[in-house]
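Here are my notes for your first look at this model. Keep the structure open and find each residue as you read.

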Number of protein chains: 2
Amino acid sequence: VSREERILKRLRDIGEWISKEIAEGRRPYLRLRERSTSNIVYDEESGEYVIADSFAERSAKHMNQIRAFANTVRIAMFVAELIRRGKTATLRETYYQGEAYGVFFKDQQESNERIMDLETLLDVPREDFHIFPEERSFVYGPLEVEVTEGHETKRLRLDVIEDGIAIGPKLTTARFIKESLKEKHNGRYDIERVIAIESGGMFSRLIEERAHERFNAILIHLGGQAPRATRRFIKRLNEELGLPVYIFTDGDPRGMHIAMVIKYGSAHAAHVPGLATPKAIRMGVRATDIQEYKLPSDKLSEIDKKRLKDLRKDPRYQHKFYQDQISTRLKIGRKAEQQSFARYGLAYVINYLERKFRLLEEMREENRLPP
Amino acid sequence: VSREERILKRLRDIGEWISKEIAEGRRPYLRLRERSTSNIVYDEESGEYVIADSFAERSAKHMNQIRAFANTVRIAMFVAELIRRGKTATLRETYYQGEAYGVFFKDQQESNERIMDLETLLDVPREDFHIFPEERSFVYGPLEVEVTEGHETKRLRLDVIEDGIAIGPKLTTARFIKESLKEKHNGRYDIERVIAIESGGMFSRLIEERAHERFNAILIHLGGQAPRATRRFIKRLNEELGLPVYIFTDGDPRGMHIAMVIKYGSAHAAHVPGLATPKAIRMGVRATDIQEYKLPSDKLSEIDKKRLKDLRKDPRYQHKFYQDQISTRLKIGRKAEQQSFARYGLAYVINYLERKFRLLEEMREENRLPP
């Protein structure tokens, strides 16, 4: 059975139980893990935020819960329809479509809450039941995938054009052709790693400098905080294909955290498994790189400093490796963008990455990297 | 001679003249059209903002101009290198790379100003001399193009994957294969039009509902205010392939203006030809559509109203067609998003577009559309 068939079966079971309860004169309810901050715990072992064992009800018994109960069931119906018809919807469309059935969500927030209820109930990310956000980032690289479009199934390589392909519903759920890992493409490369890149400018730069060939890499554009579909795609590349993931972001607190969310997930999505890539490694830009490479840089702002102090207390940053990074950054007191390597010429960043890969390899051998 | 060879020749001529002036003991200067608002005029005939005939100098004679003169020449050198090596750079990289040559721009703004100087001097958009911004939007559709990547030239269709392809440097400068217009693809369609869509959600929606097949269309995602590369791409589709362009944006002042900038350009880029598509038509969402289709809508905010009153005075909106639209919107006083058609089901928007195409056709025949 496919993942989608499992979801459909689960939805049918829930629906049948609700019908039965109503038919027999009882008031149905949904029981799901509570998503409040008090029920989110940091799992030391996996390094991820996960949801704990306190449960909440959306029940037809209580006046103050009946709206949430009915609307979650309504979203479940909509989702079953999406899956059966092989369609997708955005968060925004899901909010609007309620009106077709007399469900008037107060606002987008309310509709999003009910979608999160369904994620919690089914224990899968909303992308698995075909609800996607608006943002898209890109990918470029020598991997072959199989996508299903309408009744057609077709194969394509992720390097059909250097401008990149959007990571949307089709790509997120594409089947990876494992054999394409072993092939020498154009007699030139095999795939060894994934490099996830914060800015569109650096993504284009690395393609132009043939980083995908030099490092045998699939390149992923994050566009700032990565959209969930992109995080899911990265996780799949890591787990299904066994490719190590390297994250290259700006040298500032935001860049650090963009990498951390890819690695260990966000508290906001703690109720959703399937998004974190715990083995991903952030390459830089490190505060020490700013000194070593004499990068054009700016002083940390007061907001940056406060952010770093907050991160120091964040459970995801408790490993000595991150604590040291935060202290060093506060001491050096400066930030630099990844595009600032251009001060040494456009191609210079390749030297930087080369040295970084060697350094990270040494650190791994000496056991100096966080788990 | 190609466009790029023309630019290189022009740069060489300027460089030789500067060398000669210096060798003969004179101080060189650059003479270019002034970009101040007082020198931007609205061209009634084309409906575009264009730059007028007042000139400014960046001269090595005057202390207060020598910095601008030297930095513009420096950017010109950088650009010549980009073109010769077949590379591109972002605005941000152009700012940073100065440091490699001892040019420390005060900030991004200063570097951007010098890039605009070069655009004005050469009379081409910066995309033509290989400088691109960060943002990317997407395209999907049954057109075949030829792109040059490194030493390779290859063909691909813009519908390799339904998630879309990024409109970056490669696609902006791709050669369109005109013959692919005449082919029936998969026995199903020919290309008749371009539909440019404001939001990523609606772009995905239209692909899922097979709008490209139903309307024989190339679909373009704008992502809000369209990046310049996208505006250039749309203009090329319109002019080189003779395809009519329809713009579908949210039903609010911003949506109106997104369409207007595609159509007649922005005052900010008046010094750059090659970006406007004067024949493009905005389909909706019109204020009257909100009433007719009973769309979920919000009241116009005070900012929206002020924006509309400003637009009423804007030279681009002087045609009765737009003046009426603005008055109607102020009278109805409401705004609606393009995704709000989902209240009637996800596929409903197709009916709306179908009716709109018929209506616009009638209006064109009755001469009721603006030029």
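1. Start with the rings of chain A. Phe248(A), Tyr293(A), Phe341(A), Tyr344(A), Tyr348(A) and Tyr352(A) form one aromatic cluster. Rings of Phe, Tyr and Trp (its six-membered ring) pair if their centres lie within 6.5 Å. Planes under 30 degrees apart count as stacked, over 60 as edge-to-face, and the rest as tilted.

2. A word on the basis of these notes. This is a predicted model, in which local features need pLDDT of at least 70, side-chain atom pairs count only at pLDDT 80 or more, and totals for chains, interfaces and linings use all residues. Residues are numbered from 1 along each chain as its sequence is written, chains are lettered from A and ligands numbered from 1 in the order in which they are written, and side-chain values use heavy atoms, with hydrogens and water left out.

3. How many aromatic pairs does a search of the whole structure find? Over all chains, there are 31. Phe341(B) and Tyr348(B) form a stacked one, with 6.5 Å from centre to centre and 25 degrees between the planes. Phe341(B) is buried, at 1% relative accessible area. Tyr348(B) is partly exposed, at 23%. Here buried means under 20% relative accessible area, exposed means over 50%, and partly exposed lies in between (1.4 Å probe, protein chains only).

4. Rings also meet charges. The charged end of Arg31(A) sits over the ring of Phe55(A), 4.2 Å from its centre. In chain B, the charged end of Arg31(B) sits over the ring of Phe55(B), also 4.2 Å from the centre. The test is that NZ of Lys or CZ of Arg is within 6 Å of the ring centre and within 35 degrees of the ring normal.

5. Next, the salt bridges. Arg35(A), Arg58(A), Glu113(A), Arg114(A) and Asp117(A) are linked in a network of them.

6. Glu21(B) meets Arg26(B) at 3.0 Å, N to O. Glu21(B) is buried at 7% relative accessibility, while Arg26(B) is partly exposed at 39%. Asp159(B) meets Arg157(B) at 2.6 Å. Asp159(B) is buried at 7%, and Arg157(B) is partly exposed at 22%. Glu213(B) meets Arg210(B) at 3.2 Å. Glu213(B) is buried at 18%, and Arg210(B) is partly exposed at 24%.

7. Now the nonpolar cores. Such a core is a set of buried Ala, Val, Leu, Ile, Met, Phe, Trp, Tyr and Cys residues joined through side-chain atoms within 4.5 Å. The largest has 82 residues. Those with the most contacts inside it are Leu206(A), Leu219(A), Phe248(A), Leu206(B) and Leu219(B). A second, separate core of 64 residues includes Val194(A), Leu243(A), Ile247(A) and Leu171(B).

8. Finally, compare the two chains. A rotation of 180 degrees, with 0.0 Å of shift along its axis, superposes chain B on chain A (RMSD 0.0 Å). That is the relation of a two-fold axis. Which residue of chain B comes closest to the rotation axis? Ile165(B) does, at 2.3 Å (C-alpha). The same surface serves both copies: 98% of the contact residues of chain B recur in chain A. Contact means heavy atoms within 4.5 Å.

How values were computed:
Salt bridge = Lys/Arg side-chain N within 4 Å of Asp/Glu carboxyl O. Least-squares fit on C-alpha atoms with pLDDT ≥ 70 in both.
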